[in-house]
Amino acid sequence: MSNAYSEAAVRPPVKTRYDGVMLFLHWSVALLILVAFAIAQGRGLVPRGPERTALMDLHRSLGVLVLALVALRLVWRAVSPPPMAADTAPLLLLAAKAGHLALYALMIAVPVAGVLMTQANGHPVSVFGLFTLPALVGEDKAFGHTLEEAHELLGTGIIVLAGLHAAAALVHQYVLKDGTLSRMLPWGNR
């Protein structure tokens, strides 16, 4: 048996695309964040009352779901590392890693701040009416107000960073032509 053949048999194939689990988690989280953000921005269009309360309950439930899916993403990312682009410049690789780290931090921080804010304002966090999260903080309106400001700022930050992330993917795909976007699209080249 030749040495080249035995090395090829031992080495796993190089991944060129994200797997189906990561594709599902990526696009589900992206959609949930956009819907939760749209609800938060549009809540003022709904008069105070049961409809607005239901809308904000949905917003909080989506946030908790984002947090759960991000936790699954982190576990899956450890189990199934993402594909690496061939010949990526070190500075671009560093920027991509920093951007992903910031996105993960925000995908955790935004819902955590939202849950803590709601609880500090004296309200329970019900998740789709199925269960209520245990209280992590006691009622403290001043702390709740601080968390509300942080939640809104971080929420805007995640939308801005996600927009930059999408723009970078488009630059990679259509300017650098390195196939970065196709690796994350469900219908991309396999």
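Modeller: Happy to! Let's start with a cut-off we will need: an angle over 145 degrees between two axes counts as roughly antiparallel. Keep in mind that this is a predicted model.

Colleague: Thanks! How do I read a pair of helices, and at what angle do α4 and α5 cross?

Modeller: In general, two packed helices are described by the angle between their axes and the distance between the axes. Here, helix α4 covers residues 90-120 and helix α5 covers residues 141-174. Their axes cross at roughly 150° and come within 8 Å. The two helices are therefore roughly antiparallel to each other. The crossing of α4 past α5 is left-handed.

Colleague: Which kinds of residues make up the contact of α4 with α5?

Modeller: In that contact there are 17 nonpolar residues, along with 9 polar and 2 charged ones.

Colleague: Now the charged side chains, please. How many salt bridges does the structure hold?

Modeller: The general idea is that side chains of opposite charge can pair when their charged atoms come close. This structure has 3 salt bridges. One of them joins Arg43 and Glu152, with 3.7 Å between the closest N and O atoms. The partners lie 109 residues apart in the chain: Arg43 sits in the loop between α2 and α3, while Glu152 belongs to helix α5.

Colleague: And the surface? Which residues form a nonpolar patch there?

Modeller: Look for Leu92, Leu170, Val171, Tyr174, Val175 and Leu176, which together have about 580 Å² of accessible area. Helix α5 gives the patch its largest share, 3 residues. Tyr174 is located in α5.

Methods:
Residues numbered from 1 in each chain as written. Predicted model: local features only at pLDDT ≥ 70, side-chain atom pairs only at ≥ 80, totals over all residues. Heavy atoms only, no water. Axes fitted to C-alpha atoms, helices over the stretch in contact; angles between N-to-C directions. Helix = DSSP H or I, 4+ residues; strand = E, 2+ residues; numbered from the N terminus. Parallel < 35°, antiparallel > 145°, perpendicular 65-115°, else oblique. Left-handed = near helix turned anticlockwise from the far one by under 90°. Nonpolar A, V, L, I, M, F, W, Y, C, P; charged D, E, K, R; others polar. Patch = residues over 30% accessible without salt bridge, like charges linked within 9 Å, V, L, I, M, F, W, Y side chains within 5 Å. Areas by Shrake-Rupley, 256 points an atom, 1.4 Å probe, with all protein chains shown as cover. Salt bridge = Lys/Arg side-chain N within 4 Å of Asp/Glu carboxyl O.
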